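Subject: Structure handover

Hi,

My notes on it follow.

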Amino acid sequence: MIPLSRPSISGKELAAIRRVLQTRHLAEGPVVAKFQGNFAKFLGTRYAIATCNGTAGLHTALLALGISQADSVIVSSFSFIATANAVLFCGARPIFCDIDPDTFNISPAKIEETLKMHSGIKALLITHLFGAPCDMEKILRITKKYNIFLIEDCCQAHGAKYKGKLVGSFGDIAVFSFYGTKNMTTGEGGMLATDNAKLKDRCLSIINHGRSSRFIHSSLGYNYRMTDLQAAIGLVQLKKLKKLNNARLKNAKFYLKNLSQIPWLTLPIIPENTLPYFHQFTIKVEAHLRDRLIEYLRKKGIGAAAIYPLPIHKQPLYKGLNLDKPSQPIAEEISKNVVSIPVHPELKNKDLIRIVNAIKKFKQ
Ligand SMILES: *Cc1c(COP(=O)(O)O)cnc(C)c1O
């Protein structure tokens with residue numbers, strides 16, 4: 001079976017974990033501090049704060065910005081559900097926004113329409129989906145014009161660039177995930193990044209039970225810390241990130257070249273000025289073909305999935321909430337068309353050829 005995703009782990013990660021185990025310092029300690037420092041250096045932000053996972057990072061980012069019951073936050077309808085759930089964790093209201101059908105990312109035009117339609121919007125939470133940067137020039141113009149916070153969900157886009165600048169360095173605060181399938185992993189894990197010292201201090205407090213100093217707690221917080229074991233893996237993975245990302249891009253380019261003559265599928269595009277690192281390689285097919293193609297590939301031993309088969313606002317959880325119910329026609333349509341195929345760095349050349357040949361032989 002060629003899996004849809006597979007983490008790249010070598011003896012280096014094993015050795016790093018062994019070293020931490022031998023120190024007997026297993027929870028948050030010096031290795032987390034080093035990982036934070038190296039991550040901030042990589043990203044070019046002043047601060048990086050490690051968390052136990054990306055979802056906790058999103059929750060912490062929103063709390064640090066002061067998002068509470070009275071507030072609304074714009075989120076993309078087409079993302080992993082954690083993006084919107086983090087807004088619910090704060091008691092705030094997610095306001096869904098439609099996407100661009102070519103990039104799968106939140107549409108700047110739709111963001112502005114949404115801001116005109118609603119009052120009380122305090123922040124925009126964008127997702128750089130599948131490793132592809134959002135249209136940052138237009139988005140920054142909008143957040144400045146309407147004076148709202150910008151949070152970047154970079155959970156799928158470690159290392160991706162917009163006009164030569166890394167995603168995660170544009171907004172007030174950014175969040176990364178190191179879940180097992182992500183471009184770099186610590187099993188579970190996350191990272192916050194910001195240039196703002198006040199936000200950094202609030203994040204550190206929130207992830208440590210709201211503490212203001214040792215054993216003094218001035219607000220309600222959580223235990224959202226990372227462990228040194230996770231950080232030890234993260235340090236190795238961060239060093240490898242460029243290599244892992246280049247392998248993803250190379251695999252994607254193989255597909256872009258070798259699947260270009262197939263009339264029944266639409267390939268992803270790489271917008272000018274962007275450097276995406278394909279967390280997913282997502283093709284579009286007509287709705288009636290989606291599940292048949294996935295089933296066919298799986299029978300041939302090739303992992304494939306519809307990511308995501310339901311936009312967030314159509315998830316049972318969100319349908320049950322008393323939110324505004326405007327439709328997001330593009331996200332609703334696209335979710336019926338998407339098929340992700342393996343693009344991870346562990347793929348061999350023969351795997352890529354096998355996948356291309358299988359797709360070419362699919363009888364639609
Ligand atoms: C993975 C992911 C998250 C959540 O990260 P976890 O580390 O799994 O909690 C949030 N948003 C997006 C877009 C993701 O892909």
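Three strands form an open sheet in the order β7-β6-β12, with antiparallel pairing. Strands here are DSSP runs of E with at least two residues, helices are DSSP runs of H or I with at least four, and both are numbered from the N terminus. Two strands count as paired if DSSP finds at least two bridges between them. The edge strands are β7 (165-166) and β12 (274-275), each pairing on one side only. β6 (residues 161-162) pairs with β12 over two bridges, in the antiparallel sense. Lys 161 is opposite Leu 275 in β12. In general, strands of a sheet pair through backbone hydrogen bonds, parallel or antiparallel.

This is a predicted model: local features need pLDDT of at least 70, side-chain atom pairs count only at pLDDT 80 or more, and totals for chains, interfaces and linings use all residues. Residues are numbered from 1 along each chain as its sequence is written, and side-chain values use heavy atoms, leaving out hydrogens and water.

Now the ligand. Around it are 16 residues, of which Gly 54, Thr 55, Asp 153, Ser 177 and Lys 182 come nearest. A residue is near if one of its heavy atoms lies within 4 Å.

Side-chain polar contacts (pairs of N or O atoms within 3.5 Å):
- Thr 55: a side-chain N or O atom is 2.4 Å from a ligand oxygen.
- Asp 153: a side-chain N or O atom is 2.8 Å from a ligand nitrogen.
- Lys 182: a side-chain N or O atom is 3.0 Å from a ligand oxygen.

On its own the ligand has 380 Å² of accessible area, and the protein covers 94% of that. Areas come from the Shrake-Rupley method with a 1.4 Å probe.

Which elements give two or more residues to the shell around the ligand? They are α3 (54-64) and α4 (81-89). The largest share, three residues, comes from α3. By class, the shell has five nonpolar, nine polar and two charged residues. Asp, Glu, Lys and Arg count as charged; Ala, Val, Leu, Ile, Met, Phe, Trp, Tyr, Cys and Pro as nonpolar; the others, Gly among them, as polar.

Two backbone points to finish. Most residues other than glycine have a negative phi, and most peptide bonds are trans. Ile 307 and Tyr 308 are joined by a cis peptide bond, with omega about 5°. Tyr 308 is in the loop between α9 (287-299) and α10 (316-319). Asn 147 has a positive phi, near 50°. Asn 147 lies in the loop between α6 (136-145) and β5 (149-153).

Best wishes

Definitions and conventions: A polar contact is a pair of N or O atoms within 3.5 Å; within protein, one must be able to donate a hydrogen and the other to accept it, and residues adjacent in sequence count only if both atoms are side-chain atoms.
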